[in-house]
Amino acid sequence: MWQTINQVLEQIDDLVWGVPLMVLILAGGILLTARLGLLQIRRLPLALQWMVKNEENGEGEVTSFGALCTALSATIGTGNIVGVATAIAAGGPGALFWMELAAFLGMATKYAEGLLAVKYRVVDDSSHVLGGPFYYIERGMGANWKWLARIFAFFGVCVGLFGIGTFSQVNGISSAVNHFFDPNQSWTVTIPGIGTYSWTVVIASLILSVCVALVLIGGIKRIANVSQVIVPFMAVVYILLSVALLLCNLSAIPQAAVTIVTGAFNPSAVTGGIVGTMIISMQKGIARGIFSNEAGLGSAPIAAAAAQTKEPVRQGLVSMTGTFIDTIVICTMTGLSIVLTGAWQVEGLTGVAITNYAFNSGLPLPAIVSSFLLMLCLVFFAFTTILGWDYYSERCLEYLTGGNMKVVKAYRWLYIFAVFIGPYMTVKAVWTIADIFNGLMALPNMIALFALSGVVTDETKRFFQKDRVSRLTSLSRHSL
């Protein structure tokens, strides 16, 4: 039965993630990059500075850094560890090149999303903030496009419940825990109608469900508070491990880079014919890249809308740093580690096992230590992603139901249940389902970004002209 389901899902995935959607996402990034004058390069230092400097007297529910950490909590997850490995295994080393290119263009896309989210957000009398693609579609493009906003919100709920938010993250956690504690399936239990699983998987799903429930009950502020602690700490730990691996294999990096670039345009030359076309390499790289950094997906602006800020441009720049950290930094390190250690070529390895092999063979540490540290990073990354995507999908549902919080609270428990059953979904089906809903969610958002690119350009020019005048006035006063 699972084989038939997988075949059907793969056909749908190929249709959704065909050439048209890839061209649409890349074209959107190219358009915004051109209209904004390579803003992702010129303004990156300023964006990184503002990333950790909260704006004073801004209107919103959480600090600007808190909003970024909430967004990063949803992006830095299994995509950085498992997704990169899956992309390279399926599309060859060249998939990493397309992932990086999509991320570079995606920085401009993420900037536009953050800007529009703040510009068109709605703040009620109790200071509750609601914003994101559904509002910049409805309020920016006009009421006649409300149907498109609803389509986005519907797929946003589906992505959270069936895609990035639950199944793929929980599956990644349970696989990592099981691979470390019970790799030989020594302690198993048979669940009637479902199958035989290791006790580590069952126990992990129970503990995870309880922890998720305890945090989600507190809403956005508790999610932001947890994310501000876990995300920076685990990101630093993972980056340090990756840097150590790359430094220990410094001489192999140039050849790995050549392999990646060659594989991007001629995959069969690198893979020996296992991956035959550039389109497959592009498809896997771009799809997994969007899964990881979510640029163009329309999720991050939902968190950006809650930021305490008065300037849409400022929050747009802060949002842009999320893609830089997630893909340009973390995914690159993971991909290089997998390619230079040859982990992607080892037969029989899938998902987290590929990255685990890379860390075991590339780090001068006992295998049990490197495996434990990788498992720890994956567990916490995926845990915060689960939290972030509950917030996203709840806001989408809030928009769909006209603010009916009873429905939202009922959905929250359904989300927790999806977390509980996530480990019992097959790995291949999980990632395919996530890909499908990602693509469907990205489509209405990209249409809006094309339509509102002029607004993004005008707001950016206005802000930096105003900023320039302000600095000149300040200098004149000091000179007097």
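**Group meeting: helices and a loop in a predicted chain**

I will start with Leu38, which sits in the loop between helix 2 and helix 3 (39-42). Helices here are DSSP runs of H or I with at least four residues, strands are runs of E with at least two, and both are numbered from the N terminus. The phi of Leu38 is positive, near 55 degrees, and the residue is not a glycine. Most residues other than glycine have a negative phi. At 39% relative accessibility, Leu38 counts as partly exposed; buried means under 20% relative accessible area, exposed over 50%, and partly exposed in between, with a 1.4 Å probe and protein chains only.

A word on provenance. This is a predicted model, in which local features need pLDDT of at least 70 and side-chain atom pairs count only at pLDDT 80 or more, while totals for chains, interfaces and linings use all residues. Residues are numbered from 1 along each chain as its sequence is written, and side-chain values use heavy atoms, with hydrogens and water left out.

Now the chain as a whole. There are 22 helices and four strands. Of the 480 residues, 58% are buried. The chain exposes about 18,900 Å², and carbon and sulfur atoms supply 65% of that; the areas come from the Shrake-Rupley method with a 1.4 Å probe, and for residues only the protein chains shown count as cover. Taking contacts between residues at least 6 apart in sequence, 82% join residues at least 24 apart, where contact means heavy atoms within 4.5 Å.

Next, helix 2 (residues 19-35). Its axis and that of helix 7 (residues 94-119) come within 8 Å and cross at roughly 70 degrees. Axes are lines fitted to C-alpha atoms, for helices over the stretch in contact, and angles run from 0 to 180 degrees between N-to-C directions. That makes helix 2 roughly perpendicular to helix 7, a label for angles of 65 to 115 degrees. On the helix 2 side, the residues in contact include Gly28, Gly29 and Ile30, and on the helix 7 side they include Ala102, Leu105 and Ala108.

Met22 is also in helix 2. At 3% relative accessibility, Met22 counts as buried. Met22 and Gln283 are 261 residues apart in sequence, yet 7.4 Å apart from C-alpha to C-alpha.

The second pair is helix 4 (residues 44-51) and helix 17, which pack at about 100 degrees with axes 8 Å apart. Helix 4 and helix 17 are therefore roughly perpendicular as well. Among the residues making the contact are Leu44, Trp50 and Met51 of helix 4, and Arg314, Phe324 and Ile325 of helix 17.

Helix 17 (residues 312-340) also holds Thr334. Is Thr334 buried or exposed? Its relative accessibility is 0%, so Thr334 counts as buried. Leaving out residues up to four places away in sequence, Thr334 touches Asn80, Ile81, Val84, Tyr238 and Thr355.

After helix 8 (residues 133-141) comes Gly142, with phi near 115 degrees. The buried residues of helix 8 include Phe134, Tyr135 and Met141. After helix 19 comes Gly402, with phi near 70 degrees.

How far should helix 19 (residues 367-400) span? At 1.5 Å a residue, its 34 residues should span 50 Å, and the end C-alpha atoms are 49 Å apart, which agrees; the expected span is 1.5 Å times one less than the number of residues. Of those 34 residues, 25 are buried, so helix 19 is largely enclosed by the rest of the structure.

Technical notes:
Angles under 35 degrees count as roughly parallel, over 145 as roughly antiparallel, 65 to 115 as roughly perpendicular and the rest as oblique.
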